[in-house]
Amino acid sequence: MTDWLEAGARHVWRPYCQMKTARPPLPVVATRGSRLILADGTELVDGLASWWTACHGYNHPHIAEAVRTQLERMPHVMFGGLAHEPAYRLAARLAGLLPGELDHVFFAESGSVAVEIAMKMALQYWINRGVAGRGRFLAFLGGYHGDTLATMTVCDPEEGMHSLFAGVMPSQLMARLPVDDESFSALDAQLAEHAGEIAAILVEPLVQGAGGMLFHDPEVLRRLRFLADRHDVLLIFDEIFTGFGRTGELFAMQAAGTPPDIVTLSKALTGGTLPLSAAVASRKVFEAFWSDDPGAALMHGPTYMANPLACAAANASLDLFETGEWRADVARVSAALAEGLEPCRTKPGVVDVRVLGAIGVVEFEGAVEVGALCAAFADRGVWVRPMGRVVYLTPAFNTPDADLDRLTEAFRRVL
């Protein structure tokens, strides 16, 4: 064990594990492309792009150079009362890329916080318009939107990770996604009954990520837009996982041609380099805050919001997206995952194999043992961390073919 790992292990509280029984973490000392380099020199192909963030691979020279240049100029300034070029340029670029009238960008540092800001925007939208009683949200079974207190309330209450906290925060309305006529009618009726108390509908477009990598058709988003308009509630798309190419479109909502009223972004926004997130509101939402009344302002301001280093990284990442080369890479990754994972369908306990864009999923009948599988995959030279009933791959878009083969071969052998 390395000295720093041994000394720090007594003090670091690790995420998503029972510290008493969990296997020790693998010590990473460097990254390169699609690889993690461990302290003993072992190289693992990263099948997860560090929780879906490093879409361009690690240490991309264009992003690294942008961050170095910005570091020499200005690493950070407060965003209250001050402005800087990286953030203002990034906001304009995001507004230009997002569909519809999503053109007012509020920056934060993490995905969960971006969702909380979107929820806060939705609540205050109604308050500013003088509409009382709109204090709840409607979210969907199988969904996941974060681990902070408010976002826990809009995650799946049964399949999620937050059942211990039931009753601590106000409950929200839950529904099945409108994937067919029956569920559409049920949701329509639920909205008709509760519309007067709902601020917004909140959904992950095309893929419910951490809730189980559950896919749905673009028609679901069109139905949600129709129902939101019909019952006069706001619609929020959580694109923290799906945004920036992961599903094959730059934003998942583009597959449906249906923009929401607010969208949340994070994860791959900086190419996996630095923490940054955003809640982007439509003109309709923003205009409810545009007032001579100071009390109508959105009173929120994370300390490191619009951090210049992170914004510089995000602008550099957008440069790479603007080349368009990522589309061919995602198609290549998608084809490799579809071919390489299909044989897993016949493995014991497997109930489904599915692929969308650069997402490959093998789903089991029941929950898998995360620690044992992580170790087995690492023995095969790859880094994969299952969750719940699924073992999945979300590699960097530019992962070489040989590394993709290594990932899918490890799946076939380990599973």
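**Arg134**

I started with Arg134, which sits in the loop between helix 5 (111-128) and strand 5 (136-140). Helices (H or I, at least four residues) and strands (E, at least two) are DSSP runs, numbered from the N terminus. This is a predicted model, where local features need pLDDT of at least 70, side-chain atom pairs count only at pLDDT 80 or more, and totals for chains, interfaces and linings use all residues. Residues are numbered from 1 along each chain as its sequence is written, and side-chain values use heavy atoms, with hydrogens and water left out.

Which side chain of opposite charge is nearest to Arg134? I found Asp232, 4.1 Å away. Lys and Arg count as positive and Asp and Glu as negative, while His and the chain ends are not counted. Arg134 is buried yet has no salt bridge. Buried means under 20% relative accessible area, exposed over 50%, and partly exposed in between (1.4 Å probe, protein chains only). A salt bridge is a side-chain nitrogen of Lys or Arg within 4 Å of a carboxyl oxygen of Asp or Glu.

I then checked the backbone. The backbone oxygen of Asp232 lies 2.9 Å from a polar atom of the Arg134 side chain. Arg134 also touches residues beyond four places in sequence, among them Leu123, Trp126, Glu197 and His231. Contact here means heavy atoms within 4.5 Å.

**Tyr392**

I looked up Tyr392 in strand 16 (residues 390-393). Why does Tyr392 count as buried? Tyr392 counts as buried because its relative accessibility is 0%. Its side chain makes a polar contact with the side chain of Trp52 (3.2 Å). A polar contact is a pair of N or O atoms within 3.5 Å; within protein, one must be able to donate a hydrogen and the other to accept it, and residues adjacent in sequence count only if both atoms are side-chain atoms. Leaving aside neighbours within four places in sequence, the contacts of Tyr392 include Leu48, Trp51, Met213 and Phe411. Tyr392 and Ile359 are 33 residues apart in sequence and 7.3 Å apart in space, C-alpha to C-alpha.

Thr264 is in strand 11 (residues 262-265). Thr264 is buried, at 0% relative accessible area. Beyond four places in sequence, Thr264 touches residues including Ala114, Phe237 and Ala278.

Lys284 is in helix 9 (residues 283-287). Lys284 counts as partly exposed at 37% relative accessibility. Setting aside neighbours within four places in sequence, I noted its contacts with Tyr125, Leu234 and Asp261.

**Salt bridges**

How many salt bridges does the structure hold? The structure holds 25. I opened three pairs.

Arg93 bridges to Glu322, with the closest N and O atoms 3.1 Å apart. This pair links distant parts of the chain: Arg93 in helix 4 (residues 85-97) and Glu322 in helix 10 (residues 308-322), 229 residues apart. Arg93 counts as buried at 15% relative accessibility, whereas Glu322 counts as exposed at 52%.

Arg225 forms a salt bridge with Asp261, the closest N and O atoms being 3.0 Å apart. Arg225 lies in helix 8 (residues 218-230) and Asp261 in the loop between strand 10 (234-238) and strand 11, 36 residues apart. Both Arg225 and Asp261 are buried.

Asp329 and Arg332 meet in a salt bridge (3.1 Å, N to O). Both lie in helix 11 (residues 325-341), 3 residues apart, about one turn of the helix. I also noted a network: salt bridges that share partners join Glu342, Arg345, Asp352, Arg354, Glu363 and Arg389.
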